[in-house]
Amino acid sequence: MFHVIIILSTWFMPSLTAKLNAPKVLLPYYSSFIANFTLRVEFAPEETSVANCYRWRSTRPEVAQVSLINSTDGECAAIARVSAISKTPHQMTTAIVAENKVTKEALRCNVIVGEIVRLEIETTTRLLYLEDSPEELIVRGFDGEGNIFSSLEGLPFEWSLVSDNDIGGNVDAHNILRIKRFSESHYTTPSHIVPLEEQGLQGDTILVEGIRTGSARCSARLKDVAYKGVTPSEVRIVVVANLMLSPPDAYVLKHAHVKYTVELLRHNSLREISMPSPQYYLEVKDRSICSLDAEKSVATALEMGSTEI
């Protein structure tokens, strides 16, 4: 007698679920200009080869509307633009739903529309080197509870330079800093800034470069008259000469000497600065580790350890 054993094996495939790029969005209400936010359906790598049709709708279109981006048939799209059209400063909410036409799977993003009460400029650094790459300044908006608005895309701002009177002197800020358009720079223009610059306007992001040593303030305010009561945000930017100390690092024995030279980078070329200079000087951070002859620009190691010059 023969016994036949049949082994059944089952393959379990993980469900490939699409996702939205944001669960909640906070946008400013519409007065003169409409703020936008871009929602995307993000797919797993295995899903990119499968045809997907997502239809979008807003549960309260009087609060925020949704429009398709890169749609081929006017019905389906993987990307959509959410526009806040509520005209009241009071907080309003709606939901943006993206539904898969085939599977009926629904993706949801809650959209909150409120009022900007405070602005704050974000910086990567507030110290610029003369004739170096510019700094990108981004202004953020906050509501009355301190929540950050997800996007200020589409809102025009007025950026200005203000002389820094706190440190004395009477140098015009425009002689120290320059606001540069993205279209005139070597850097990629953010997509939402392109239409604003084409109209001669400024958005929530700008470039600032140093043209002379000194300090000045950069200010940003909303152009929309509805926000005239919002205090402009300011940041202080310091521009210094692009100096290089050679050697940049030195590992020496006790009582050894190191001769330093100072070079200035201008117009993409290095020029040695005669030291001592009426404009620049050397100093040592920890004098117990090494001494410094400022006249000769020579450092002498005194004890074991490390310090900076």
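Predicted model: local features only at pLDDT ≥ 70, side-chain atom pairs only at ≥ 80, totals over all residues.
Visitor: Which domains is the protein divided into?

Guide: Domain 1 covers 19–114, domain 2 covers 118–240 and domain 3 covers 243–301. Take the pair of domain 1 and domain 2. Their centres, taken over C-alpha atoms, are 30 Å apart.

Visitor: How many residues of domain 1 are in contact with domain 2?

Guide: On the domain 1 side, 15 residues; they touch 15 residues of domain 2. The two domains bury about 1,200 Å² between them. Carbon and sulfur atoms carry 57% of that area.

Visitor: Which residues of domain 1 lose the most area to domain 2?

Guide: L26, P28 and F33. Together they make up 45% of what the domain 1 side buries.

Visitor: Which strands supply the side of domain 1 that touches domain 2?

Guide: β2 (24–28) and β3 each supply at least two residues. β2 gives the most, with five residues.

Visitor: Let us turn to cysteines. How should I read a disulfide, and what is the count here?

Guide: The general idea: a disulfide is a covalent bond between the sulfur atoms of two cysteines. The cut-off is 2.5 Å between sulfurs. In this structure the count is one. C53 is joined to C76, with S to S at 1.5 Å.

Visitor: Where do C53 and C76 lie in the chain?

Guide: C53 is in the loop between β3 (36–42) and β4 (54–58). C76 is in the loop between β5 (64–69) and β6 (79–84). The pair links distant parts of the chain, 23 residues apart.

Visitor: Is the disulfide of C53 and C76 left-handed or right-handed?

Guide: Read the torsion about the S-S bond. For C53 and C76 it is about -40°, so the disulfide is left-handed.

Visitor: Are C53 and C76 buried or exposed?

Guide: Both are buried. The cut-off for buried is under 20% relative accessible area. C109 has 0% relative accessibility, so C109 counts as buried. C218, at 0% relative accessibility, counts as buried too.

Definitions and conventions:
Residues numbered from 1 in each chain as written. Heavy atoms only, no water. Helix = DSSP H or I, 4+ residues; strand = E, 2+ residues; numbered from the N terminus. Buried < 20%, exposed > 50% of the residue type's maximum accessible area, 1.4 Å probe, protein only. Domains from an automatic or database assignment. Contact = heavy atoms within 4.5 Å. Buried area = accessible area lost by both parts, 1.4 Å probe.
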